[in-house]
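Please read the points with the structure open.

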Amino acid sequence: MADVPDNAPEHCPGTLSEQAGKTSACQGCPNQRMCASGATKAPDPAIAEIAVKMETVKHKILVLSGKGGVGKSTFSAHLCHTLASDDTKEVALLDVDICGPSIPRIMGLEGEQVHQSGSGWSPVYVEDNLAVMSIGFLLSSPDDAVIWRGPKKNGMIKQFLRDVDWGELDYLVVDTPPGTSDEHLSIVQYLSSAKIDGAVIITTPQEVALQDVRKEIRFCQKVKLPIIGVVENMSGFVCPSCKNTSQIFPPTSGGAERMCEELNLPLLGKIPLDPRIGRSCDEGRSFLNYAPESPAAKAYYSIVQRIKDYCSNRKNEEQ
Ligand code: ADP
């Protein structure tokens, strides 16, 4: 059978079968999760619709992390603020962290609602050139839990990509949930024809975080998602009084730097811990306006410049 992979178990139902990933023969197969997610079955017609919708979006960037709490959403938000500080660029942030949507708060948009227009759902605008869409806008209260099964989450991601009126965009940044879950497979699958520029992976310096990042990297390689690079967040703390640096999360195994060397990946930069980041995010303000001269803000600027360079080189290569 053409749809049975080489490493398939003996009674593999085939990757295109309705039973793919669900039969007893699938137990223990390395492809089970991928098959069960539906990613291997006949292509969903939405993929082609999303490709058409995304024709007006020049660059698509995914932000990933192995673990929760490492600063992924904070990074996504500040990536967008920095990209949108060039008012000739149109930027959008899509939050598909369906189980813990924190983007509305970080962007100062809590309580905002999405409007339906003739051309789809309208995102919420932070600035004229910075649009945001999040599951958080669809919940009646920020404390509402979203307990959804895989197919419902996939359906929501499909709607976000296909039915939101993004308009012409230079950058679409997608903030994903931590780890490698169904949401990641859906995003990669739905954007497969629309081409994702690549993923930025956020980690903290300690080995427990890096272990999960290695899994994330393997996931990217498996689904052929290019990796733009790795960002080490919460990387040291410079005491504002004595200026000494302390390693709050010690890089016991050499931190992201060593991991990137080993795996031959670019380390885009290191963002230090700065308590003002937490404060400004809780207030829904950009830290970059709050402390533009701080080492953390300078780290954000330099990392975002590297991401912009990557995207423009990629565009040139395509032409
Ligand atoms: P994730 O999206 O990975 O779950 P968040 O972006 O929600 O993580 O960040 C978790 C917490 O850490 C938030 O309170 C955020 O303000 C804070 N934070 C993120 N980066 C930094 C940093 N460099 N310095 C200090 N606090 C940070």
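**Notes on the model**

1. The protein has 11 helices and 11 strands. Its radius of gyration is 20 Å, close to the 20 Å that the globule rule gives for 319 residues, so the protein is as compact as a globular protein of that length. Please keep in mind throughout that this is a predicted model.

2. Of the 319 residues, 51% count as buried.

3. The structure holds 15 salt bridges. One of them joins Asp212 to Lys67, with 2.8 Å between the closest N and O atoms. This pair links distant parts of the chain, 145 residues apart: Asp212 belongs to helix H7 (residues 207-222), while Lys67 sits in the loop between strand S1 (57-65) and helix H3 (72-84). Asp212 counts as buried because its relative accessibility is 16%, under the 20% limit for that class. Lys67, at 31% relative accessibility, counts as partly exposed.

4. A second salt bridge is formed by Glu257 and Lys270, and here the closest N and O atoms are 2.8 Å apart. Glu257 is in helix H8 (residues 255-263) and Lys270 is in strand S11 (residues 267-273); the two are 13 residues apart, and the pair is again one that links distant parts of the chain. Glu257 has a relative accessibility of 38% and so counts as partly exposed. Lys270 counts as partly exposed too, at 37%.

5. Glu293 and Lys298 form a further salt bridge, with the closest N and O atoms 3.9 Å apart; the limit for counting such a contact is 4 Å. Glu293 is exposed, since its relative accessible area is 61%, whereas Lys298 counts as partly exposed at 45% relative accessibility.

6. Some salt bridges share partners. In this way Glu49, Arg162 and Asp163 are joined into one network.

7. Which residues form a negative surface patch? They are Glu90, Glu127, Asp128 and Glu168. Glu127 is found in strand S5 (residues 124-127), and Asp128 lies in the loop between S5 and strand S6 (130-134). Glu127 counts as partly exposed because its relative accessibility is 42%. Asp128 is exposed, with a relative accessible area of 77%, which is over the 50% limit for that class.

8. Asp128 and Gly198 are 70 residues apart in sequence, and their C-alpha atoms are 26 Å apart. Leu83 and Gln305 are 222 residues apart in sequence, and their C-alpha atoms are 8.9 Å apart.

9. Is Leu83 buried or exposed? At 2% relative accessibility, Leu83 counts as buried.

Note on methods:
Residues are numbered from 1 along each chain as its sequence is written. This is a predicted model: local features need pLDDT of at least 70, side-chain atom pairs count only at pLDDT 80 or more; totals for chains, interfaces and linings use all residues. Side-chain values use heavy atoms; hydrogens and water are left out. Patches are made of residues with over 30% relative accessible area and no salt bridge: like charges are joined within 9 Å, nonpolar side chains (Val, Leu, Ile, Met, Phe, Trp, Tyr) within 5 Å. Accessible areas come from the Shrake-Rupley method with a 1.4 Å probe; for residues, only the protein chains shown count as cover. A salt bridge is a side-chain nitrogen of Lys or Arg within 4 Å of a carboxyl oxygen of Asp or Glu. Lys and Arg count as positive and Asp and Glu as negative; His and the chain ends are not counted. The place of a charge is taken as NZ of Lys, CZ of Arg, CG of Asp or CD of Glu. Helices (H or I, at least four residues) and strands (E, at least two) are DSSP runs, numbered from the N terminus. Buried means under 20% relative accessible area, exposed over 50%, partly exposed in between (1.4 Å probe, protein chains only). The radius of gyration is taken over C-alpha atoms; the globule rule is 2.2 Å times the number of residues to the power 0.38.
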